[in-house]
Amino acid sequence: MTQVDFRPVEKATRSTRGEVGRIGVAVLFIVGVIVFTGAAFGHVEQAYLLIAAAVIGGYMALNIGANDVANNVGPAVGSMAMTMATAIGIAAVFEAAGAIIAGGDVVDTVKNGIIDPDSIADPQIFVWVMLGSLLGAALWLNIATFMGAPVSTTHAIVGGVLGGGVASSGWAIVNWDVMGSIAMSWVISPLVGGLIAAGTLYLLKRTVLFRDEPVDAATRVVPLLIAVMAWAFATYLALKGLSNLVSISFPVALFGGLVIAVITYAVVRPMVIRAAPGLTQDTEGVNSLFTIPLICAAALLSFAHGANDVANAVGPLAGIVEVLDGGAAGVRRAYHCGCSSSVPWASRWVWPSSAPGSSAPSGPRSPTWTAPGPSASRWPPPSRSSSPASSACRSAPPTSRSAASSASASSGSSSTTG
């Protein structure tokens with residue numbers, strides 16, 4: 001009886017098992033996005049469009065993770081400081097923390113800073129602009145990742161939003177001041193990063209690597225490096241995270257970061273001193289001591305990357321959510337207060353059948369909008385700066401919006417600029 005050799009089949013199965021597992025995780029992620037979006041925004045009239053946007057945003061996020069994870073953990077994995085599994089775990093935790101704690105400012109820039117939403121004649125067009133920018137950037141990142149090209153995800157989404165806005169409303173829609181700042185950061189970032197890296201390497205060569213006893217020198221330098229990283233991270237966290245809860249000035253944040261740095265130095269230095277006696281006075285021994293700073297650097301870089309690049313996937317999606325889900329509530333608030341709400345068009349439009357103090361109609365949403373005031377003019381709306389109460393309301397904190405609303409009601413249909 002002839003025996004069949006199944007070993008080639010088993011070998012082929014083992015080689016594809018990992019790929020199937022990764023694809024399965026991606027599919028489960030997209031399914032989770034669909035389920036969550038449907039459960040959270042099922043009440044929206046165009047829920048199908050919002051779910052499609054969320055799926056494309058999730059697809060974009062997957063491509064960002066696939067392409068940019070090497071930026072954060074590549075050096076640590078390449079130097080054998082940690083395994084790939086450990087690196088991905090650290091990146092996942094700190095990327096998510098950075099996105100949640102400090103990602104809001106960049107999201108606002110991508111959503112409203114690159115193009116002026118008020119220059120688009122129809123809110124639905126704005127939705128399609130953001131949807132197209134997400135899909136275009138995600139497809140390009142997918143192609144680049146497949147080719148192994150480490151491209152910039154920020155370049156991709158900024159170009160997508162810019163191109164979609166220009167295609168919809170012309171070049172006048174572009175906020176060139178913001179674009180100039182973004183383009184300048186693309187030039188400054190590699191230069192500053194290169195200078196800091198070169199300076200750090202020069203410092204390590206002079207203080208550690210070229211010493212007669214490099215391990216002993218490393219025991220003095222490594223705690224200082226970790227303390228400096230803790231100082232920078234604590235200051236950044238105070239300015240970007242805690243500032244959402246309490247008002248913190250830069251000097252206060254800097255001093256708080258210094259306190260954290262001193263505590264970190266006091267904790268890390270004894271650990272490094274205890275580890276040094278068992279190491280040889282050569283490059284291998286120095287590398288063992290620098291494993292901890294390298295892992296810390298990878299974690300902090302992941303946090304900063306999550307805070308900055310979450311906007312590449314969430315920024316356009318946030319704009320879509322505000323238009324499709326925030327319409328009624330945002331418009332009702334804007335009717336009583338002539339200020340800008342979270343919805344770009346909500347500060348100008350009310351439901352045609354609404355009156356001051358009334359709620360939006362319960363039936364299907366009207367496809368057109370009516371401007372508040374006796375003129376009941378159609379698109380384009382009057383300028384938001386035409387009402388003195390508008391500027392007062394925009395400058396007022398959330399807790400004082402009711403007082404600004406009263407000022408808006410008393411000002412009537414005044415068109416005086418203040």
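Predicted model: local features only at pLDDT ≥ 70, side-chain atom pairs only at ≥ 80, totals over all residues.
Two packed helices are described by the angle between their axes and the distance between the axes. In the pairing of α2 with α11, the axes lie 10 Å apart and the helices pack at an angle of about 165°. Because angles over 145 degrees count as roughly antiparallel, α2 is described as roughly antiparallel to α11. The crossing of these two helices, α2 and α11, is right-handed. Sorted by class, the residues that form the contact of α2 with α11 comprise 18 nonpolar, six polar and two charged residues.

Helix α2 also packs against α5, here at an angle of about 30° and with the two axes 9 Å apart. Since angles under 35 degrees count as roughly parallel, this arrangement makes α2 roughly parallel to α5. The crossing of α2 and α5 is left-handed. In the contact of α2 with α5, the residues divide into 17 nonpolar and six polar, with no charged residue present.

A further pairing involves helix α6, which spans residues 153-169, and helix α11, which spans residues 291-325; their axes come within 9 Å and cross at roughly 30°. By the cut-off of 35 degrees, under which angles count as roughly parallel, α6 is therefore roughly parallel to α11. For α6 and α11 the crossing is left-handed. On the side of α6, the contact is made by Thr 153, Thr 154, Ile 157 and Val 161, while α11 contributes Asn 308, Asp 309, Asn 312 and Pro 316. In terms of class, three nonpolar, four polar and one charged residues make up the contact of α6 with α11.

Taken by class, the lining of the second largest pocket consists of 31 nonpolar, 11 polar and five charged residues.

Definitions and conventions
Residues numbered from 1 in each chain as written. Heavy atoms only, no water. Axes fitted to C-alpha atoms, helices over the stretch in contact; angles between N-to-C directions. Helix = DSSP H or I, 4+ residues; strand = E, 2+ residues; numbered from the N terminus. Parallel < 35°, antiparallel > 145°, perpendicular 65-115°, else oblique. Left-handed = near helix turned anticlockwise from the far one by under 90°. Contact = heavy atoms within 4.5 Å. Nonpolar A, V, L, I, M, F, W, Y, C, P; charged D, E, K, R; others polar.
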